[in-house]
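Reader: Could you walk me through this model, starting with how its surface was worked out?
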Amino acid sequence: MEPFFTNDAIVLGLLIIIVAAVFHTSSSSNPKWKKFYTIVPSILLCYFLPGLLNWPLGLVSGEDSNLYFVASRYLLPASLVLLCLSIDIKGIINLGPKAVIMFFAATVGIVLGGPLAILIISTIAPDVLDIGSGEEVWRGLTTVAGSWIGGGANQASMKEIFGVSDSLFATMIVVDVICANIWTGFLLYGASKTQKVDKWLKSDTTAIDDLRDRVESYQASIAKIPTLPEVMTILAIAFGGTALAHWGADVIAPLMEARSEWLAKYSLESLTSGFFWLVVIATTIGVGLSFTKMRKYEGAGASRLGSVFIFILVATIGMRMNVGEIFDNLGLFAIGITWMLFHVIIMIVVAKLIKAPFFFVAVGSQANVGGAASAPVVASAFSPALAPVGVLLAVLGYALGTYGALLCAQLMAGVSP
């Protein structure tokens, strides 16, 4: 059926209006909206409301539109450059070793939890891994790994690299968001009981006060109203980095393709993907620039602009979904819940061993699972002054997301029936 709107300029306008409406209502002080968004996560609406334009309304066509291609090839690498630009290695070190240890423990829990969950569920209920369309479930789960380690950008990267269909990706989005938000709810509740939890962990919380002071100083040092030249410089960094990433991908991918048979022996076919190298190079550029004076542009809103690009990408992905197919494979939730349990168990065991404060447990976990969207929310539940800590660690997650998700993908491929 011919969509009502075929002009991509109109479609883009509709998508941005939807995303803006979600952000406006989710930040509203209206008690009704607050209650609504405690039940329905805003990120979920940013995925699914654009999908309604496709089906059942038939206003747009996700398949015919070029918006997803533009967003994934231009805006995605630009956002990776900007989100990684603000990585402060010295700042992360100053957070103390326990904060960094808990962050990496969370990453390890996700990388190992995926293949372990597949092993358990394939033994107990093997039918869950048979979705009846000839697709390999582990490929879809790579998008969950990308999201839980890095965020939306890395999730989209895994979708492209491993060729995940839109219908399977739609299901994985639900698995991702619902499982992650269940755990976020537990963390927010735990923040109100932090003294009891810290007593059980036998942790020394005196460092949290020093941490709070450092964060307040850091926040004050970077906050500013950006000028027009600064905004233009941020755009130059983003799209200049994107251009360099495209050039590198165009050179490296053909070289890898020539060695595709050798790579296939080690399940490294993804190295032949130009999109893979586009994402890796963009991430590396952003991390590299974080060691230069360019990182000062975080104070002018570099990561904020990067987040804008991400949510445009999110909306274009959602536009391609057939919402009616989402709940055909509810058994996949068993994998998601089991996966999350492994993540939680590893976090608790490590925290108990090193006597880490519960604050580091919560923020380290959310910097992976929730990313820059929810990590500061959980951090601010302990103290509003600590919210930037969540952002700082979440940005590190953006840098590691691609690499960690690829490792998790190889492990899941190895254990999948």
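Author: Accessible areas come from the Shrake-Rupley method with a 1.4 Å probe, and for residues only the protein chains shown count as cover. On that basis the protein exposes about 18700 Å², of which carbon and sulfur atoms supply 66%. Please keep in mind that this is a predicted model, where local features need pLDDT of at least 70 and side-chain atom pairs count only at pLDDT 80 or more, while totals for chains, interfaces and linings use all residues. Residues are numbered from 1 along each chain as its sequence is written, and side-chain values use heavy atoms, with hydrogens and water left out.

Reader: How many helices and strands are there in the protein?
Author: The protein has 19 helices and 0 strands, taken as DSSP runs (H or I, at least four residues, for helices; E, at least two, for strands) numbered from the N terminus.

Reader: And what share of the residues is buried?
Author: Of the 417 residues, 52% are buried, meaning under 20% relative accessible area with a 1.4 Å probe and protein chains only.

Reader: What does Trp 339 touch?
Author: Leaving aside residues up to four places away in sequence, Trp 339 touches several residues, including Leu 141, Trp 148, Cys 408 and Met 412, where contact means heavy atoms within 4.5 Å.

Reader: Switching to cysteines, how many disulfides are in the whole structure?
Author: The search finds 0 disulfides, a disulfide being a pair of cysteine sulfur atoms within 2.5 Å.

Reader: Is Cys 408 buried or exposed?
Author: Cys 408 counts as buried because its relative accessibility is 0%, and Cys 179 is buried too, with a relative accessible area of 2%.

How values were computed: Buried means under 20% relative accessible area, exposed over 50%, partly exposed in between (1.4 Å probe, protein chains only).
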